[in-house]
Amino acid sequence: MSAEFALEGHDLVKYFPSGSSRFLGRPTSNVRAVDGVSFSVRTGSTLGVVGESGCGKSTLARVATRLIEPTSGRVLLDGVDITRASGAELRVARRKIQMIFQDPYSSLNPRHSVGQIIGAPLQVQKISPAQGEKRRVQELMELVGLNPEHYNRYPHEFSGGQRQRIGIARALVLDPSIIVADEPVSALDVSIQAQILNLLEGLQRDLGLSYVFIAHDLSVVRHIADDVAVMYLGKIVETGPADVVYNAPAHPYTKALLSAVPVANPARRGDHERIRLTGDVPSPVDPPSGCRFRTRCWLATDLCAAQEPVLTRDASGRSVACHFPLESV
Amino acid sequence: MNLPILSVRHLCVSFTTPDGVVHAVNDVSFDVKAGQTLGIVGESGSGKSVTAGSIMRLNNSITAETSGSVVIDGVDILNCSEEQARAIRGSEVAMVFQDPLSALNPYYTVGYQIAEAYEVHHPNASKSETRKVVLDMLTKVGIPNPEKRYDEYPHQFSGGMRQRIVIAIALVNKPKILIADEPTTALDVTVQAQILDLMLELQRETNMAIILITHDLGVVAEVAQDVLVMYAGRVVEEAEVNSLFASPTHPYSWGLLGAVSSLDEHKRGQLRTISGTPPSLISIPSGCAFRPRCEFYEGEDSDCHNRVPDLRIIGGLSSSSACHLSDQQIIEIGKSKVLS
């Protein structure tokens with residue numbers, strides 16, 4: 001816990017081969033899911049990653065946890081490069097970084113009891129806790145708000161929110177320092193969402209965890225994140241302290257994304273500025289030249305097609321990749 | 001003169017399952033007027049979709065038992081012949097579903113699928129007339145280059161474009177009522193905004209009524225005039241949209257509004273939550289179904305435990321609430337909840 005950053009990614013790239021040629025079925029093109037992304041998570045804080053479907057946020061999560069191999073780039077965990085780690089070294093590194101998944105139905109094995117599910121990481125890592133595995137699991141169940149007496153029950157006996165608590169307990173059993181949560185509340189109802197968000201915040205406070213919190217719901221990220229990264233077509237277009245990015249977005253895409261969120265206040269209907277993006281996100285197989293957002297951007301010029309903007313940091317600590325960043329008001 | 005074009009009265013739907021009888025909808029009544037949008041909000045399992053299905057009489061399988069009445073333009077669709085029901089379905093009432101990919105048939109071109117819906121209700125239409133209607137419809141829902149896209153298949157369209165096709169199918173017969181069951185839940189926010197705009201624009205043009213089923217209070221706040229809040233198969237609050245957000249009148253609505261995280265949140269704090277989980281619809285609690293999660297529950301000897309609260313107008317507000325608290329208490333607590 002000494003390092004300033006719990007998790008860093010440097011120039012991460014992940015291409016998935018796609019299509020096949022007539023000869024030998026060789027891939028002819030690449031889906032550029034993540035295309036040169038750098039990020040850092042300050043120890044004890046939360047980095048929120050937002051973007052629409054297909055922008056590469058889930059691929060980024062999987063690359064950052066080394067669940068899939070990056071095509072290039074480096075991942076640093078607590079300051080230690082784990083990109084090339086393998087075997088025992090990787091297994092030890094994985095104790096520190098755990099994941100929570102979106103769907104609490106498909107991420108739990110229906111044939112295993114809750115005790116087995118939460119205890120599984122201990123078995124894999126061949127760790128036997130001092131107080132015994134069962135006690136350790138029951139402690140965690142209590143910590144996440146489950147009844148420890150339900151140790152022998154099966155996932156189908158729990159509601160969606162409780163299942164997500166099981167997933168959280170499983171992620172915590174190895175005492176990780178960082179948790180990557182990929183859409184952890186989007187499958188849940190609002191009232192349950194709030195319970196899980198409060199739980200995650202409480203755990204962060206009590207255990208000093210760092211989070212990477214991936215979501216498409218901008219208001220949820222607003223609530224939980226200290227820093228935020230906005231992704232579009234495999235790249236980060238804007239990143240910085242959540243307050244700065246949300247209050248005065250500099251990238252046109254961030255602004256459009258924020259203005260599209262329905263406001264739960266009918267009195268303000270029509271009163272907030274609405275930017276309507278036309279068209280759809282282009283294919284990541286063949287992204288537009290220059291700035292990838294230019295095909296949908298109302299400010300785009302010839303420069304945007306010719307030259308790709310690089311992430312540039314401004315005085316407020318925010319970085320934006322745009323040739324014509326919006327004035328902060 | 002604006003008489004309701006849809007009146008639902010005392011609608012009850014239950015399903016017999018191996019685990020017991022599921023009481024999905026319990027005594028639901030409401031009206032919808034032409035040109036208006038009614039939002040139905042609630043969590044999963046609150047009976048929103050089953051209510052919508054009943055309006056089209058889609059639940060009438062062997063397992064579902066339905067009582068009450070659903071009157072569309074003077075015809076009770078629950079108690080008429082199958083032929084009458086078929087004539088109403090699609091032409092008077094049409095539906096848009098959540099997932100546009102599974103609502104479309106992957107084996108047929110989108111043009112064919114829209115034409116099919118038209119031909120069912122216009123059996124004498126000529127081929128060229130149908131084609132013209134379909135092309136008009138494609139233009140109306142904002143599909144660029146309709147002549148070319150007519151002969152394409154659903155997989156060649158993006159999610160938002162597919163939802164536009166589904167809307168085209170629903171609207172090709174100019175229905176008076178459009179039921180949209182979570183129409184934007186599967187879509188990204190920027191696309192969601194496009195689709196909601198499209199629906200409102202078409203509503204202005206045709207003066208149809210929209211019933212919008214959603215779990216997203218933000219969407220309701222943006223588009224609906226009236227809102228029903230459902231819990232465990234019952235309407236717990238019925239309100240004009242401004243009234244719901246300014247002075248909600250049911251403890252469940254208070255919880256729901258408090259649990260929403262918002263964009264312009266200045267300080268991070270605990271979100272208010274509703275403790276516990278929604279009840280099983282097989283064994284709904286006696287009295288008020290919300291009582292196990294309600295902070296104002298008054299104990300076993302109270303009305304909360306023993307009597308189902310009726311939906312009643314709360315004095316001075318354009319809302320009705322199904323809660324045993326007095327009007328005075330409801331107004332005061334509602335206000336404090338919104339302010340805090």
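## How α5(A) and α6(A) cross

Helix α5 of chain A covers residues 160-172, and its axis sits 10 Å from that of α6(A), at an angle of about 20 degrees. Axes here are lines fitted to C-alpha atoms over the stretch in contact, with angles from 0 to 180 degrees between N-to-C directions. The two helices therefore count as roughly parallel (under 35 degrees).

On the α5(A) side, the contact uses Gly160(A), Gly161(A), Gln164(A) and Ile168(A); α6(A) brings Ile192(A), Gln195(A), Ile196(A) and Leu199(A). Contact means C-beta atoms, placed from the backbone, within 7 Å.

## Where chain A meets chain B

Here 34 residues of chain A touch 35 of chain B. On chain A's side, α6 (190-207), α7 (218-224) and α9 (252-260) each give two or more residues, and α6(A) has the largest share with seven. Helices are DSSP runs of H or I, at least four residues, and strands are E runs of at least two, numbered from the N terminus.

## Domains of chain B

Chain B splits into domain 1 (4-224) and domain 2 (247-261 + 273-339), with bounds from an automatic or database assignment. Their C-alpha centres are 31 Å apart. Nine residues of domain 1 contact seven of domain 2, and strand β2 (20-33) gives the most on the domain 1 side, five residues.

## Reading notes

Residues are numbered from 1 along each chain as its sequence is written, while chains are lettered from A and ligands numbered from 1 in written order. Local features in this predicted model need pLDDT of at least 70 and side-chain atom pairs 80 or more, while totals for chains, interfaces and linings use all residues.

Note on methods:
Contact = placed C-beta atoms within 7 Å. Parallel < 35°, antiparallel > 145°, perpendicular 65-115°, else oblique.
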